[in-house]
Amino acid sequence: MGIKMTRGAFARPGTSLEYKTGSWRTQQPEYHHRSAPCHTACPAGEDAQQYLALVEEGRYQLAWENIVRANPLPAITGRVCHHPCESACNRGQYDESIAIHHVERFLGDRAIKEGWDYPVSTPPEQALVVAVVGSGPAGCSAAWHLVRQGYRVDLFEALPMAGGLLHSALPPYRLPRDIMQAELERLLHTGIGFLPGKRLGRDMSLDELQADYPAIFLAPGTQRSRSWDSGGATPSDLHVGLDLLKQWTSIGTIKHWSSVAVIGGGNTAIDLARVLKHAGVESVHVVTFQSLPQSGEQLPDRMPAIAREIDQALEEGVTIHEHRGVQRLVLRGEQVVGVELVHMKEVPDSQDGAKTVTFEGTESILDVDQVIPAIGQVVDPEGLGSLLNHGEFLAADNHGRIPGHPQVLTGGDARGDRGTVSEAIGDGRRAAAQIARMLQQQADPEAREDKPIVLEQLNLNYYEYAPRPEVPVLPVEQRSASAEVQGGLEQQQVHGEGQRCLSCGSCLACDNCWTLCPDMAVLKRSEAPAGEAPYVFDYDYCKGCGLCAHECPSGYITMQAEA
Amino acid sequence: MNDNDTSVDISALRNEQPRFTGIESGHRACLGCGEALAARLVTEAAGPDVIYANATGCLEVFTTAWPESAWRVGWMHSLFENAAAIAAGMEAALKRQGKATKVIALAGDGGTFDIGFQALSGMLERGHNVLYVCFDNEAYMNTGVQRSSSTPHAASTTTSPSGEARMGKRHLKKDIVSIVAAHHIPYAATSSVAYPSDIRKKVRRAMAIDGPTFLHIHSTCPLGWGHDGALSIEVARLAVQTGLFPVIELERGSVVSVMPIRRVRPVTDYLSIQNRFRHLFADDDQARVELEHLQALADHNIEVYGLRGEKADALDSEGANTVQRGGMQWA
Amino acid sequence: MLQALEGSQALARTVALCRPQVIAAYPITPQTHIVENLSRLVADGTLDCELVSVESEFSAASVALGAVAAGSRAYTASSSQGILLMAEVLYNIAGLRMPLVLTCANRAVSGPLSIWNDQQDSMAVRDAGWIQLYCADNQEAVDTTIQAFRIAEQCELPVMVCVDGFTLTHTLEVIDLPEQQQVDDFLPAFSFERRLDPANPISIGTLVSPDYFTEARQSHHQALENALQTIVDVQQEWGQLAERNCDALLNTSGPADARIGILTLGSIAGTLAAAMDRYTDNPATRLLTLRTFRPFPAAAIRQACQGLTDLVVLERALSPGSGGIVGAEVRAAFSEIQDAPRVHNFTVGLGGRDVPLEIYPHLHQAIRDGRGLPFAILDLEPDKLPEAAC
């Protein structure tokens, strides 16, 4: 039976809805959140793309809460982190990367200033108590994440104050003490039981801890300097980099030399070189077999120190000798009067590794009156018993589990394979999650590869070029041991960074798919659950042309073959 | 994981979209049809108090397979060559009835540049309060891609195929907007489906004018041009960014504004992704000459209309489609 | 009120009485006087309507169509080439079932070029799906025009009122032009349910597949057949109002016992009526003036021809290679009918050739000679023909 013909064959409005063009489809668009490179690159696990979106909406407190759900110390990391998020930022290949660490710092500072409460409730009295040893970044992070998950924490610290390496090794011109103390203090008031002056091996033993606590997170850091010599010779008054730095940060003075060679390419070497310079050492040399950072290139043998800090050190008059090693000490009696340098480089070997090679005939003498090795620290074995297993570090899996010790986890510098505050914070977060799983007898989560979305998967036609804001830096002549060198951004600039964010892999709610679908198969909704797009596909009509996916600025839509 | 929320009541949601729906889903346009999109954008911007006269063509065919119609506005299709005259009659009637309802004529390039040209000229000359929108997909697509006077030079169509002796269409694209503007009408403009906010702005501008107005929208045809439907916007955007399709506005016959091209792209960027120009990329002297010819035509447009952007501008070829979180750029 | 008026002027004033809201026209001889007179009425404020002076007949018909679709009463007029240029639109108007009225000032179709009267133009579009009414004189043209709007709007079909060019459009006759009130009482304000209305936005002019096109056509055909009754009813109503009676489909005059009949359309009827008064020595003849050609009133014709042995169909058009157009249709109307009259078919008066009173005795002679069986051009002057077929 047919339909009744109408007069003149007129038709009624919108009746085409009867015809489901979705049956034509061979591939369908889907909304998929894909990780932004800033997120996958963040050692602490922050999702900058998410909080930048909140910043753009002017929801600063929510943005801060978003950060602290991964990293409880944004005012600190916003200053000291080497921000791999910014190196990974897709916008860096378009014009200039988002100043993510400045946004983080701004939010951290704002939280302190406004007294925003950490988004957590105090764990109940009857909650299980977990022991955390060491209140550096890893320990603080683990303690925070445990509290967030409803556990009580006893946080043991050998020193009278919390902070660990933050306190002892980071010079105030990088991390002002008031900021650091304010942030740590606020964190410790979230329900963490802080127990200062309790040193493992002195005030309690590992066995006691194991007996008293169902789980223990060890974050002792690396307190012992690695031994150093040059052809068997050491300066008679050997000073080790980190010790000097600690001495200086705690008592504010440092021994005066006229000319110093600091050996090493890490942050300690650079920090120390700058401290020496501020303390009036006339000629400060950094000797490293690694390379100076070069913009745009990721050299495999690049110095691990933060590029910004290296630049500032150079500005301040520190001399850096890249690709050099110390061949021997030049001694007058027992007194150091110089070092013999030689060209030295990492050369890849056939086993996919690299070995450090010196080049004969490139020797030269550098006149210095002191040599300070800053080539790294190892774990102090005191109180750790068999855990170290004669190694320099605590070997652990990615969750922080130490093989053979089911109750004990570790993280931070003590692992030996970390080296930054942010990594330590990430370790603390992962270990806390693992402890929770362990205590709740849950299986390990499925390992999944989180490949970040790359620039080519975005549609750059929809973005406008916009420069990264200029950040105030203290002029060299005004720098001192305590004045913070790096300035921060104004609120307006921070908001601008939110706007500049490309929103890689996440819905911008830009309406492109809704606007550009020739088939009106994208419908907009006034409210959507958090983290979801405010759009849905109406597959009854979507023909699968792929236009929405191609024109999605942020790569949030992908085409999938029809099942 | 597909983040598409399946718990949503789709048909209820469809009825509460925060925009005016002039054309509904279920129309039978090809995948990625630029004309379907452009027409929808025009109806959205024009709003409900409009009646439409639609010339014969793809748009008419794919929207109204009786007993179904995709239109949610008063709409009439009469013939191929009389959209402007039908619209004129509607306008005369509404004027007589004292109604403010606007009349919009819709036609393709065949119905505008060629067979409907006379009726269009008459309507413009008589000063009817009609917005005439031409969806220019540069050939007779409804009948199977035959060349029209809008087909660009050197494009291959079924009646201007490329072969040993020919490099596609021998003649030039008719400069319709200049001809239309020469009627001394209050407003004539070009736009592109790649720039929805530009289309909206121009539709609204035309709607506000009591008199004949003309909007010429470059609308991609994946089938006729030979590109993937997913690239419909990309191709249209490149037509603008190369200078081959100038986006301009004329009032009373004079150019009053243009969309500047911030970053002028070589025409090959546009041509090389369409099969209708594929023969121009053969290792052939004539092909090389024709490629240069098309580049020269683009250069000429850029020079004549002053399309080269002096500095970055929110309304230039790069700025006009910049997205914002929350989507307000399309409003 | 009786007054001497040129046909075109009378028509223009009649159209004005019908209160059209949109008039669209393009000049063509011999329609021009109608449009000129309408323009004058608009210019002097007598007629308040949108007069759209278009750039072609194609647009004239299209503008009228657009106006109707938008809900206004519309009118247009044309002739000859204009009608043919409109042809595509005429089909469209009818197929979309749009009520509008068109006056066709009948004229020959080029080439060779002729600006003078015959009915080739309207005959060329007889299958367009319009109602076609032919007028014998200007009074009838006036009355028919008024009725045409009623019929069109009641049936939702377009009506073409055919008036012989020059013969009627350019001649003075004494006309009883109705009063405005009479027309207003007869013709209600235009109201068209299928008009395009933003509040009820239908789609007109869809694409119909083979599954439904036949049914669309059949309903159109049926609508035209049904219109026969409407035409009769409307004529009756107007006849009473105007106190002028004539038959809606065809007018019959002459003695009831006549055995010979002549069927014709348009102004020839007047010539024949006068000739019958003059040439009284010819056999008794019944004159049938066909007013409604579409829909074709086959039953009415059969009824009116009862008792005839011979029926002449005299027309002003030609289907080359076939013969008369109306003649063929009348013959078809008698097929399978017992005691049907013999149908003689003559074409006369092509391209403005005068049809004088003398045609009448010639016609009777031709019947006796059987020259119209099946068809002949009666007023052909063979000595003007070229030597060989060319």
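Which residues of α13(A) are buried? They are Asn267(A), Thr268(A), Ala269(A), Ile270(A), Asp271(A), Leu272(A), Ala273(A), Arg274(A), Val275(A) and Leu276(A), where a buried residue has 20 or more other C-beta atoms, placed from the backbone, within 10 Å of its own. This is a predicted model, in which local features need pLDDT of at least 70 and side-chain atom pairs count only at pLDDT 80 or more, while totals for chains, interfaces and linings use all residues. Residues are numbered from 1 along each chain as its sequence is written, and chains are lettered from A and ligands numbered from 1 in the order in which they are written.

**Helix α13 of chain A**
- Helices (H or I, at least four residues) and strands (E, at least two) are DSSP runs, numbered from the N terminus.
- Because 10 of the 12 residues of α13(A) are buried, the helix is largely enclosed by the rest of the structure.
- Its buried residues pack against several elements of chain A, including α9 (165–169), β7 (259–263) and β14 (370–373), with contact meaning that C-beta atoms, placed from the backbone, lie within 7 Å.
- After α13(A) comes Gly280(A), which has a positive phi near 105°.

**The sheet of chain C**
- An open sheet of mixed pairing is formed by 6 strands of chain C, in the order β10-β12-β11-β14-β15-β16, where two strands pair if DSSP finds at least two bridges between them.
- The edge strands, β10 (250–253) and β16 (376–377) of chain C, each pair on one side only.
- Strands β14 (residues 310–315) and β15 (residues 342–347) of chain C run parallel and are joined by 6 bridges, and Leu314(C) has Phe346(C) as its bridge partner in β15(C).

Definitions and conventions
Contact = placed C-beta atoms within 7 Å.
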